[in-house]
Amino acid sequence: MSTPLLFIDDDRAFSSMGAAALQREGYTVTLARSLHEARAALGRLTPALVVLDRRLLDGDGLSFLPELKAQAPGAAVVMVTAHGDIASAVDAMRAGAVDYVAKPVELADLVLRVRRALDTGRLKERLAAAEAELSGRRRLVPPASAAMQRVLGALERIASSPRSAVLLLGETGVGKEMLARHLHGFSSGGEGAPFVHVNCAALPEQTVESELFGHEKGAFTDARTARRGLVEVAHGGTLFLDEVGELPLSLQAKLLTFLDSGRFRRLGGTTEHSSSARIVAATNRDLPALMTRGEFREDLWFRLSVFRIDIPPLRERREDILPLAEGLLAALRRELGRREEVVLGGQARARLQAYAFPGNVRELRNLLERALVMEPGPELQLDVLAGVKPAAPATMAMAHVEQAPTDNPEAFTLPAPPRPMEEVERAYARWTLERMGGRRVEAAKALGLAYATFLKRLGDD
C-alpha cells in the first residue's frame with residue numbers, strides 16, 4: 001500500500017504539478033485547495049504527511065496547523081511559505097512542522113523534502129519502539145541502600161527543572177546511563193520524548209562537531225546536503241553525553257555556549273538554531289585533574305556541576321547487591337529465552353555478598369549472564385566466583401589503615417578512646433593529604449578514591 005499524502009494549496013498550477021511529481025514517486029496524493037476541503041479530507045483519511053500552504057483563500061495555514069496536528073498527530077508537515085518569509089517558517093517549525101519550502105518551489109526540492117520528512121518519521125517510530133523495548137527490559141531496580149535512595153531522590157527533584165544540565169560522576173559500570181534514563185523518564189515530556197545516547201570517546205575528532213551540532217551543505221568536502229546534529233535530534237528530550245571528558249576543547253566551548261543559551265550554529269552555518277534538549281553528562285574520569293592539565297575547561301566544569309550526582313560504587317552499597325542480582329537475573333532470563341524459572345542458590349548469594357565487584361553493576365550483569373549460559377539447572381551457584389578472594393570491609397578497604405609501630409613518627413595513629421569510623425576516615429584522609437604536600441588529586445589517587453568522594457572524606461564538600 002502506497003503512503004497517503006495530503007496536499008493543501010490553493011494555487012491550482014503548483015498543487016497539480018506538485019501532486020503529479022509526488023505520485024510519480026509512488027505516493028497516493030489527495031488534493032485540497034482550501035481549509036474547508038482539508039477538513040473534509042482529514043475526516044476520510046489519515047495522511048502520513050501533509051504539504052500545507054501558509055496563505056490560503058479561506059484562512060491561514062499556520063493558524064490551521066495546531067488543528068491539523070490534533071486531527072492527524074502522526075503526520076509530518078512540510079510548510080509552504082512565500083519567498084523570504086523566514087519568520088513564518090520559524091513559527092511553523094515551532095508549531096510542529098518538520099520542514100518548509102519557499103515559493104517558487106522546485107519540484108525536485110519538494111520531493112526531496114517530503115521523502116526526507118517521511119524517512120525521519122519512520123526512524124523516530126523505530127527509535128520509539130526500540131526505546132520502549134529497552135525500557136521494558138532494563139527497568140531500574142529499587143535500591144535498598146540509603147546512598148542510592150538519596151541519588152534517586154535528587155534526580156527526581158532535578159527532573160522538575162527541564163533544561164538544567166546534570167553531571168553524573170562514578171566509576172565505570174556503576175549505572176550512569178541507567179540513571180540518566182531514569183531522570184529522562186521523570187522529566188516533563190519524558191514519555192515519547194527522544195533520549196539520545198552519545199559515547200563521546202567513540203566520536204572521530206574530525207566529525208565530532210558535525211555529529212553533535214550538524215552541518216550545512218558544503219561545510220566540508222562530503223557535505224552534499226545539510227544535516228541535523230544530535231543536539232537537534234534530542235530536542236524536547238535528553239542528550240546523554242557519556243565520557244564527556246573526552247570531548248575536544250573546541251567542542252567544549254561550543255557545548256558551554258549551548259548550555260548557557262540553548263542556541264547553536266551548525267558547522268559551516270551562520271543561522272542560529274535552538275534546542276530544548278537537556279544535557280546529562282557522565283564520566284568516570286577525574287575532571288579536576290584534567291582541568292589542571294588544561295584538557296577540560298574550568299567554566300564547563302562549573303556549568304555542568306550545578307547539579308552534580310556522585311554515584312557510589314557497588315562495593316560501598318552492598319545491601320543493593322542481592323536485589324540488583326535478582327532483578328538482572330529475571331531480565332536476562334527473558335533476553336536469553338530461558339523459559340524455566342532460575343534462582344540464586346545459597347552459595348551464589350554468599351559469593352555475591354563476598355565479592356568486591358571492581359566492575360560494579362556491569363560486572364554483576366556479565367557474571368549472571370555467563371552463569372545462565374554455563375550452569376544447567378534451576379539454581380545458580382556462580383561457580384565463576386569460586387576461589388575469588390573475599391572483599392575487605394568497605395571502610396578498611398577504603399582507608400588501608402594498619403596498626404603501625406609506635407616508634408615511627410610518620411605512622412598514622414589515633415589517640416584513645418575508640419572513635420566513630422566517619423571521624424577515622426576523615427582523619428586519615430587529612431593525614432594522607434598532608435603527606436602529599438596538599439596535592440588533593442594525588443592524595444585521592446593514593447587512597448583509590450574518586451576526587452569528589454575524597455573531598456567528602458575531608459569534609460570539604
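Which residues of E13 point one way, and which the other way? The views below take us there and then on to a loop. This is a predicted model, in which local features need pLDDT of at least 70, side-chain atom pairs count only at pLDDT 80 or more, and totals for chains, interfaces and linings use all residues. Residues are numbered from 1 along each chain as its sequence is written, and side-chain values use heavy atoms, with hydrogens and water left out.

**View 1. Five strands form an open sheet with parallel pairing.** The strand order is E9-E10-E13-E8-E14. Strands (E, at least two residues) and helices (H or I, at least four) are DSSP runs, numbered from the N terminus. Two strands pair if DSSP finds at least two bridges between them. At the edges are strand E9 (195-199) and strand E14 (308-310), each pairing on one side only. Neighbouring strands of this sheet are turned by 20° against each other on average, direction ignored; the axes used are lines fitted to C-alpha atoms, for helices over the stretch in contact, and angles run from 0 to 180 degrees between N-to-C directions.

**View 2. Strand E13 (residues 278-283) pairs with strand E8 (residues 166-169) in the parallel sense.** Four bridges link E8 and E13, and Leu168 has Ala282 as its bridge partner in E13. Strand E10 (residues 238-242) also pairs with E13 in the parallel sense, over five bridges. Here Phe240 stands opposite Val280 in E13.

**View 3. The side chains of E13 point two ways.** Arg278, Val280 and Ala282 point one way, while Ile279, Ala281 and Thr283 point the other way. In a regular strand, side chains alternate between the two faces of the sheet. Six of the six residues of E13 are buried, so this strand is largely enclosed by the rest of the structure. Buried means under 20% relative accessible area, exposed over 50%, and partly exposed in between (1.4 Å probe, protein chains only).

**View 4. Arg338 sits in the loop between helix H13 (321-335) and strand E15 (343-344).** Arg338 is buried, with a relative accessible area of 12%. Leaving aside neighbours within four places in sequence, Arg338 is in contact (heavy atoms within 4.5 Å) with Arg333, Leu372, Glu375, Pro376 and Gly377. Arg338 and Leu372 are 34 residues apart in sequence, and 8.4 Å apart in space, C-alpha to C-alpha.

**View 5. Leu336 lies in the loop between H13 and E15.** At 39% relative accessibility, Leu336 counts as partly exposed.
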